[in-house]
Amino acid sequence: MADDGPVEHGYPHLDTVRDAITALYKRLSYDTVQTFATSVAPVDVAFGDTDDLHLGAQRVAREMVRHYRLPDARPIISFREMTHAANVELTAGPEYFIELNDRFRTHRRDIGAALAHEVMHVYLHRLDLSFPGTRENEILTDTAATYLGAGWLLLDAYREDAASSQKLGYLTPEEFGYVLAKRALVFGEDPSVWFTSPQAYTAYVKGMAQARRDEQQPPLTAAGWAGRRRYAHDRRHGPGVQSGVPYSFSGDKGGSLRVSFPCPTCHQRIRVPVRGRVRARCSLCRTVLECDT
């Protein structure tokens, strides 16, 4: 939790974020991901200053449990002084003890953001899905919460001006925006209408631009002129590792050239023959891709 400290920007964790999206599709399946087409609604996690602190926190936690489809999980919320925004005790359940930072006693509108992350820890624990290393696992949790419809709250909790700053989660604001944009492109949902933070909207716009660039990499037909020219140059040199580009060439047993590249939706690598116009279908997320190989 960045509280009146420097907020990291840019895309330093982008590779891990993309790995997390791939891992979600692999562990959940396309059909299960599709059941999360509707995000948590603002009205369902609204928390007024006159609401009872503990009853309100329990209500929001139950909404996260409902959204993540964890009917047999019962979160027990408490507050204490701590460095991090929140912490959850992962056990066999069904009760899970979640501690929230004392600052949320007076910053109640951000309780939903903290619980979106902590209840996702429970969800991933139930799935037995994790990444090695604490930081990588926290990035997985932020990415999963965002991609599955609750993480817009984490980005909306980001506020920054000349005098103060606040950010929850391990992703940068632009990385949160990127994952939200990836989700928006899949489900046709516009989360920007829910933002109360103008900085969150700016980060989302930047994240959308980055997500669009994923769809404009060769050999996809949407690639720009410069990318197509570089691709043609690399193709002439045949198999080998090309630096600075997402695709790579290899030969098959028959001596024909094939190109491998990441799916712009789920980032699983796809391998197709090099033979001009090709339509490929990602086996993981079922995206149909128009390619010019």
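Colleague: Which charged end sits over the ring of Phe36?
Modeller: In this predicted model, the charged end of Arg69 sits over the Phe36 ring, at 4.3 Å from the ring centre.

Colleague: And how many aromatic pairs turn up in the whole structure?
Modeller: A search of the whole structure gives 8 aromatic pairs. In one of them, the ring centres of Phe36 and Tyr123 are 6.2 Å apart and the planes stand at 80 degrees, so this pair is edge-to-face.

Colleague: Where do Phe36 and Tyr123 lie?
Modeller: Phe36 is in the loop between helix 2 (30-34) and helix 3 (53-67), whereas Tyr123 belongs to helix 4, so the pair ties together parts that are 87 residues apart in sequence. Phe36 and Tyr123 are both buried, and ring pairs link Phe36, Tyr68 and Tyr123 into a cluster.

Colleague: Switching topic, at what angle do helix 1 and helix 7 pack?
Modeller: Helix 1 (residues 14-28) packs against helix 7 (residues 173-187) at about 35 degrees, the axes being 11 Å apart, and the crossing is right-handed.

Colleague: Which residues make the contact?
Modeller: Helix 1 contributes Leu14, Val17, Arg18, Ile21 and Tyr25, while helix 7 contributes Glu175, Tyr178, Val179, Lys182 and Val186. By class, the residues of this contact divide into 7 nonpolar and 3 charged, with no polar ones.

Note on methods: Residues are numbered from 1 along each chain as its sequence is written. This is a predicted model: local features need pLDDT of at least 70, side-chain atom pairs count only at pLDDT 80 or more; totals for chains, interfaces and linings use all residues. Side-chain values use heavy atoms; hydrogens and water are left out. Axes are lines fitted to C-alpha atoms, for helices over the stretch in contact, and angles run from 0 to 180 degrees between N-to-C directions. Helices (H or I, at least four residues) and strands (E, at least two) are DSSP runs, numbered from the N terminus. A crossing is left-handed if the near helix is turned anticlockwise from the far one by less than a right angle, and right-handed if clockwise. Contact means heavy atoms within 4.5 Å. Ala, Val, Leu, Ile, Met, Phe, Trp, Tyr, Cys and Pro count as nonpolar, Asp, Glu, Lys and Arg as charged, and the others, Gly among them, as polar. Rings of Phe, Tyr and Trp (its six-membered ring) pair if their centres lie within 6.5 Å; planes under 30 degrees apart count as stacked, over 60 as edge-to-face and the rest as tilted. Buried means under 20% relative accessible area, exposed over 50%, partly exposed in between (1.4 Å probe, protein chains only). A charge sits over a ring if NZ of Lys or CZ of Arg is within 6 Å of the ring centre and within 35 degrees of the ring normal.
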